[in-house]
Amino acid sequence: MNKFKSAVLYECSTKIKAMCAFYLIEYAIVAISFAMAAVSSGGAETYSNGLEFCSVFFVSVIGVLGYEEDFKALIQNGYTRKYIYLSTICMFLFLSVTMALIDTTIGNTIHYFNSNYFTFFGSIYGYGNPLGNWLWLTVLYLLFCCLFYLGVLVIRKAGKMVSLFIGVGLCGVVIIVISLFRFVISHETAQSIAEFLMKAMGFMGDGSVNLLFPIITLLTMAIVLGAGSYAIIRRTELK
């Protein structure tokens with residue numbers, strides 16, 4: 001247990017500095033942009049939407065680095081793959097929870113004082129539910145961490161060429177699915193599927209919004225990707 005705790009602390013400590021640097025640079029740029037726009041427009045309100053997209057990009061990079069750097073460092077120090085995987089998932093959770101809290105707090109605060117600023121969550125689901133905002137961003141960030149972690153594991157196992165063919169195959173599947181919806185599946189069936197997907201994202205048929213559904217949907221996807229990562233990492237000779 002102490003060894004597992006040490007692995008988790010190592011994983012998190014190596015990412016805290018990067019996270020602090022990320023937010024320092026991001027909001028320094030935002031502050032400069034707001035100041036320059038305010039001066040050029042004579043003090044008119046300015047806006048900068050969707051800074052959460054930057055956080056999505058950051059956690060995606062962390063998902064890659066979860067293997068590229070930490071796996072090699074930990075396995076050289078005698079940690080088992082199970083401990084490495086679990087400590088990586090804990091690090092993903094830590095980053096997702098922390099960054100979602102920061103983005104929810106700052107985003108809603110900026111929107112409160114400047115109605116021309118819209119957060120990613122607020123643009124989709126509206127405002128007034130900070131808890132739902134935080135949970136939704138948490139599972140969204142966790143999903144992208146797990147997605148890119150699985151992606152880099154697949155590339156390392158299969159090789160770049162095979163991974164390229166897999167990517168092309170996935171694009172082909174998407175095209176086939178779109179074609180099925182357009183030319184094969186009946187309008188009633190397509191409408192039923194669309195209604196199901198809308199409900200999965202929280203939009204009910206009566207016009208209401210249920211945030212529990214998208215949170216469960218994103219969390220389920222993250223769990224599936226995480227399980228896929230574990231299936232690969234425990235069976236593959238990673239170098």
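Predicted model: local features only at pLDDT ≥ 70, side-chain atom pairs only at ≥ 80, totals over all residues.
Which helix holds phenylalanine 148?

1. Phenylalanine 148 lies in helix H6, which runs over residues 130–158. Its relative accessibility is 36%.

2. Take serine 60: 88 residues separate it from phenylalanine 148 in sequence. In space, the C-alpha to C-alpha distance of this pair is 5.8 Å.

3. Helix H9 spans residues 212–233, 22 residues in total. From first C-alpha to last it reaches 31 Å. At 1.5 Å a residue, 32 Å is expected, so the value is close.

4. Which residues of H9 are buried? They are Pro214, Ile215, Leu218, Ala222, Leu225, Gly226, Ser229, Ile232 and Ile233. These residues lie on the same side of H9, because they cover an arc of only 115° around the axis.

5. The face of H9 turned away from that buried side deserves a look. Ile223 and Val224 are exposed there.

6. Leu24, Ile25 and Ile29 make a nonpolar surface patch of about 330 Å². Isoleucine 25 belongs to helix H1, residues 2–40. Its relative accessible area is 53%. Isoleucine 25 is therefore exposed, the cut-off being over 50%.

Note on methods
Residues numbered from 1 in each chain as written. Heavy atoms only, no water. Patch = residues over 30% accessible without salt bridge, like charges linked within 9 Å, V, L, I, M, F, W, Y side chains within 5 Å. Areas by Shrake-Rupley, 256 points an atom, 1.4 Å probe, with all protein chains shown as cover. Salt bridge = Lys/Arg side-chain N within 4 Å of Asp/Glu carboxyl O. Helix = DSSP H or I, 4+ residues; strand = E, 2+ residues; numbered from the N terminus. Buried < 20%, exposed > 50% of the residue type's maximum accessible area, 1.4 Å probe, protein only. Arc of directions from axis to C-beta.
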